[in-house]
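Reader: I have a model open and would like to learn how to read it. Could you walk me through it?

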Amino acid sequence: MTLLDWLVLIGSTAFMVGWGLWRTRGESKTTEEYLRGGHDLRWPTIGLSVMATQASAITFLSVPGQAYEDGMRFVQFYFGMPIAMVIVSAVFVPIFYRLNVLTAYEYLESRFDLKTRLLGALLFLIQRGLASGITIYAPSIILSAIFGWPLEPTIIIMGGLVILYTVTGGSKAVSQTQKQQMVVMLGGMVVAAFVIVWRLPEHVSFGRAVDVAGALGRMNVVSFDLDFNDRYNFWSGITGGLFLSLSYFGTDQSQVGRYLTGRSITESRLGLLFNGVLKIPMQFLILFVGILVFAFYQFTAPPLFFNDTLRARVQATAQAGELATVESRWTQAQADKRAAADQYLAARDSGDGSAEQSARERLQATARTAEGIRKEAKAVVSRALPGVETKDSDYIFISFVRDWMPSGLVGLLITVILAAAMSSIASELNALGATTTVDFYKRLLRPDATDRHMLIASKLLTIFWGLVAVAFASFASLLDNLIQAVNILGSIFYGTVLGLFLVAFFLKHVRGHAVFLAAVLSQGTVIALYATTKIGYLWYNVIGCSLVVVLSLMLQLFMPRTEPAGPTARA
């Protein structure tokens, strides 16, 4: 990175953090203001904050790599979200406002009992606590590998900045900072798309680049094939994605805490609907940036390994000569692929359908050859470095940024990644601290504590979760694909939590003992299915939620009718 890149990175990051702290100076004087922001935010801030909470650094690192290797079909993951936003706005938001809750799980006690509330809160703490570690670890390990930054200081600096403005300013500072971060993130990706197109060879226009990507199967936006083992198709997105979005936005405190900062129900609803309208186009843009990187590398030779620290490590082993042989074949394969891509474009221009089909098949054959060589190279790495992770899709976009972005824009794109990391982590820490304070510490240990005491406890518990996230990030191992890892983790737990809330909303005769036991059985079933089957992870949301509803109804038949209902049910 150049001096200009460092100036852009440090200046942009300092501005975003400083702006959030300045805008909220002296405003978090009570526990409610600290945890919920004082009920005075407008819908644009809420909408951008909700988007920024979901769009972690993993989104901007992994999603372009996902598109590079697997095409556009990941966008189907979000097809159920707009429907979910309507349902959350119509059902969840009015109830949370009416009960004036600080966390979503308070409602479960008012409807059922204490143990059900604690179960819902505990499931949230488990999955979100683990996810926060992945969220801070992901950008740190990749930035460390690509730019040679020391891993531990990168994790500590990122975590320290987030803890600083989360603890200092509370929920409102998080929302205000996220608004600036979201603008930087979206602007940075738009700039990246224009630069990639600019970097294409002169004879390759934007449309021709998309043609090449389509010929190689990367423009696979929608699939209507019903395959339960396929993670991404229309049906898994519109059903599993719907249930996941309902769970995330309706029951996850990191999101509930964002829209409960609105000055009214209407502002909160507009913020959620704003997110529902813009989320799919945003994800499409990020995926499409990955497609453009893929198209670029059809005309410019890509690295054999995008995580080039692996190459350096292999060169110090006995397999160095074997790797050099594979690299020479890789160079020739890339030359063949570029010639085939040029031939395909010429055939398309000629209007000869037969020649175009023949050229497409040749292009696809050269791509398969190159992919086969990549697999051979990964096998060499595995022999040289047993147990090392060879999957490098999370490194694709940041590697392109380092090698091909102009000075200054490298700093901007790194800022995008760090901003995404900080925005998501801040919401998670705020939510983890709030849930631990309200649902466990105050409810079980200090129900008579003063507001001043609870405010201090909230800040200390937020710091605690920040340190937990930093510690987990320091010892975590790189997963197969980070964006999928976070979504899998959420899918395992979210369905059960959503089931608790749906039973609470719509099955008024079901009591606490039945729903609690149903949730425990459902969660155990989902974990067992994940461990023993290959079902696409989005379906776990449907399975977990459906099991809670069905088992609650069945178990209630055998429960004593004298069991007391919560205040809400009695009302």
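Reader: Which residues is Phe-92 in contact with, leaving aside its neighbours within four places in sequence?

Author: Contact means heavy atoms within 4.5 Å. By that rule, Phe-92 touches Ile-87, Leu-246, Gly-250, Thr-251, Leu-498, Phe-501, Leu-502 and Phe-505, once neighbours within four places in sequence are set aside. A word on the source: this is a predicted model, where local features need pLDDT of at least 70 and side-chain atom pairs count only at pLDDT 80 or more, while totals for chains, interfaces and linings use all residues. Residues are numbered from 1 along each chain as its sequence is written, and side-chain values use heavy atoms, with hydrogens and water left out.

Reader: How many residues does the largest nonpolar core have?

Author: First the idea: a nonpolar core is a set of buried Ala, Val, Leu, Ile, Met, Phe, Trp, Tyr and Cys residues joined through side-chain atoms within 4.5 Å. Buried means under 20% relative accessible area, exposed over 50%, and partly exposed in between (1.4 Å probe, protein chains only). Here the largest core has 155 residues, and Phe-92 is among those with the most contacts inside it, as are Phe-60 and Phe-501. Helix H17 (residues 409–445) gives the most to this core, with 15 residues. A second, separate core of 15 residues includes Leu-304, Val-326, Ala-377 and Val-381.

Reader: How many helices and strands are there in the protein chain?

Author: Helices (H or I, at least four residues) and strands (E, at least two) are DSSP runs, numbered from the N terminus. The protein chain has 22 helices and 0 strands.

Reader: Which helices do the buried residues of H14 pack against?

Author: In general, an α-helix has 3.6 residues a turn, so residues three or four places apart point the same way. In H14 (residues 320–350), the buried residues include Leu-323, Val-326, Trp-330 and Ala-333. The partners of the buried H14 residues are helix H9 (206–215), helix H13 (308–314) and helix H15 (353–384).

Reader: At what angle do H9 and helix H12 pack?

Author: Axes are lines fitted to C-alpha atoms, for helices over the stretch in contact, and angles run from 0 to 180 degrees between N-to-C directions. H9 and H12 (residues 265–296) pack at about 90°, with their axes 9 Å apart. Angles under 35 degrees count as roughly parallel, over 145 as roughly antiparallel, 65 to 115 as roughly perpendicular and the rest as oblique. H9 and H12 are therefore roughly perpendicular to each other. Phe-206, Ala-209, Val-210 and Ala-213 in H9 meet residues of H12 including Phe-288 and Ile-291.
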